[in-house]
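Please look through the sequence and the model shown here before reading on.

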Protein chains: 2
Amino acid sequence: MAANSRLTIAVHILAWMALASRRGREVMTSEEIAASLATNPVIVRRSLGELRAAGLVASRRGAGAGWRLTRGPESITVLDVHDALGAEPLFALHPSAPNLECPVGHGIRPVLTEVYAAVDEAVRRELGGRTVADVLAQTLAAKETA
Amino acid sequence: MAANSRLTIAVHILAWMALASRRGREVMTSEEIAASLATNPVIVRRSLGELRAAGLVASRRGAGAGWRLTRGPESITVLDVHDALGAEPLFALHPSAPNLECPVGHGIRPVLTEVYAAVDEAVRRELGGRTVADVLAQTLAAKETA
DNA sequence: TCGATCGTAACAGTTCTTGTTACAACAGAT
DNA sequence: ATCTGTTGTAACAAGAACTGTTACGATCGA
């Protein structure tokens, strides 16, 4: 599959909007944002649509329209972004039910469900510990030393 | 996409082989294993082929052929299985390079790389803490109470 | 030599992602 | 009221991954 870069796209968008907002440009068009990502504005609008559904950004239509953050970037964790994108689980159980007559087939699904839940929890802990503001700060710091 | 159930398949296979081995059947055919998963033997052989490349199982061809574990199930972690399958990273960076003239586009990639590495590390810690023997034991325990 | 099984290629069907074009809906500006 | 820029969304193509199937050569014990 084309690897999943939706989280990268969304975090990039929010970091860029946060920087622009700090510089006084509170409202940005999808075309302006797309320029930073070097991609198509529709890609950006799709991503922004999901972020809006989660309440992280708001949009306005018509002339002079655009997108703006609804919260400060220090209150948006990468986990919030991840959840806004509605990611599917990392690991799936059997696509079709295993043989329930077999002792393993009979009992393994709840066990793996628990394992996968623990993994998911660990991922959420990691993502929840970083905010968009953190990412932006590190990004700008890296720029200085580079 | 069809969600990724390869880890589920592989762990199921190994747990089933471990139980059979404990019962005295050290060598199993892909067809026998496939019966427990209620799937096609080729699916099982594909998975077993990856596990063999990682040294977790061995195969013999010809008459009376089949597959057997090369280690005790208590020495195979779910992480070993995961690594044997050569999983691709959970999150990817931008599919095409962002605009490097933009401060965010310029510096964000190493930052996200670090974030994703931390997530991957957390996943590995979780998976590394459980063995195939653990999964089998819990599976059989669940069967008794069910 | 026979027969069972591995090992692997080829193909179909499904789903997801990225990227593109197109166009209606909207709302401020003139 | 009309113009204009932007959102919002649909439709489509190309590419990739996974599951599942059929097919068949390679291997090796009996």
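**Salt bridges, symmetry and the interface**

At a relative accessibility of 34%, R71(A) counts as partly exposed. This value, like the others here, comes from a predicted model. R71(A) forms a salt bridge with D80(A), and the closest N and O atoms of the pair are 3.7 Å apart.

A second salt bridge in chain A joins the side chains of E50(A) and R6(A), with 3.0 Å from N to O. This pair links distant parts of the chain: E50(A) belongs to helix 3 (residues 41-53) of chain A and R6(A) to helix 1 of chain A, 44 residues apart. E50(A) has 27% relative accessibility and so counts as partly exposed. R6(A), with a relative accessible area of 38%, is partly exposed. Over all chains, the count comes to 12 salt bridges.

The next step is to see how the two chains are placed. Two copies of a chain are related by a rotation about an axis and a shift along it. Here a rotation of 180 degrees, with 0.0 Å of shift along its axis, superposes chain A on chain B with an RMSD of 0.0 Å. That is the relation of a two-fold axis. In chain A, the C-alpha nearest the axis belongs to A122(A), at 2.9 Å from it.

Through which surface do the copies meet? Of the interface residues of chain A, 100% are also interface residues in chain B, so the copies meet through the same surface. In terms of contacts, 56 residues of chain A touch 57 residues of chain B.

The size of an interface is often given as the accessible area lost when the parts come together. Between chain A and chain B the buried area is about 4700 Å², and carbon and sulfur atoms give 72% of this. On the side of chain A, the residues that lose the most area to chain B are T8(A), P103(A) and V104(A), together 12% of what that side buries.

Polar links also cross between the chains. There are 14 residue pairs in polar contact between chain A and chain B, both residues being at pLDDT 80 or more. Which helices of chain A each supply at least two residues of the side that touches chain B? They are helix 1 (6-22), helix 2 (30-37), helix 5 (103-128) and helix 6 (132-145) of chain A. Helix 5 of chain A gives the most to that side, with 18 residues. By class, the side of chain A that touches chain B has 36 nonpolar, 14 polar and 6 charged residues.

The salt bridges between chain A and chain B number 2. In one of them, E114(A) pairs with R130(B), the closest N and O atoms being 3.0 Å apart. The side chain of R130(B) also meets that of E126(B) in a salt bridge, 3.7 Å from N to O. R130(B) is buried, with a relative accessible area of 16%. Salt bridges that share partners join E114(A), E126(B) and R130(B) into one network.

R130(B) is also among the contacts of T77(B), which, leaving aside neighbours within four places in sequence, touches L127(B), G128(B), R130(B) and T131(B). T77(B) sits in the loop between strand 2 (66-69) and helix 4 (78-84) of chain B. With 16% relative accessibility, T77(B) counts as buried.

Note on methods:
Residues numbered from 1 in each chain as written. Chains lettered and ligands numbered in written order. Predicted model: local features only at pLDDT ≥ 70, side-chain atom pairs only at ≥ 80, totals over all residues. Heavy atoms only, no water. Least-squares fit on C-alpha atoms with pLDDT ≥ 70 in both. Contact = heavy atoms within 4.5 Å. Buried area = accessible area lost by both parts, 1.4 Å probe. Salt bridge = Lys/Arg side-chain N within 4 Å of Asp/Glu carboxyl O. Polar contact = N/O pair within 3.5 Å; in protein donor to acceptor, adjacent residues only side chain to side chain. Helix = DSSP H or I, 4+ residues; strand = E, 2+ residues; numbered from the N terminus. Nonpolar A, V, L, I, M, F, W, Y, C, P; charged D, E, K, R; others polar. Buried < 20%, exposed > 50% of the residue type's maximum accessible area, 1.4 Å probe, protein only.
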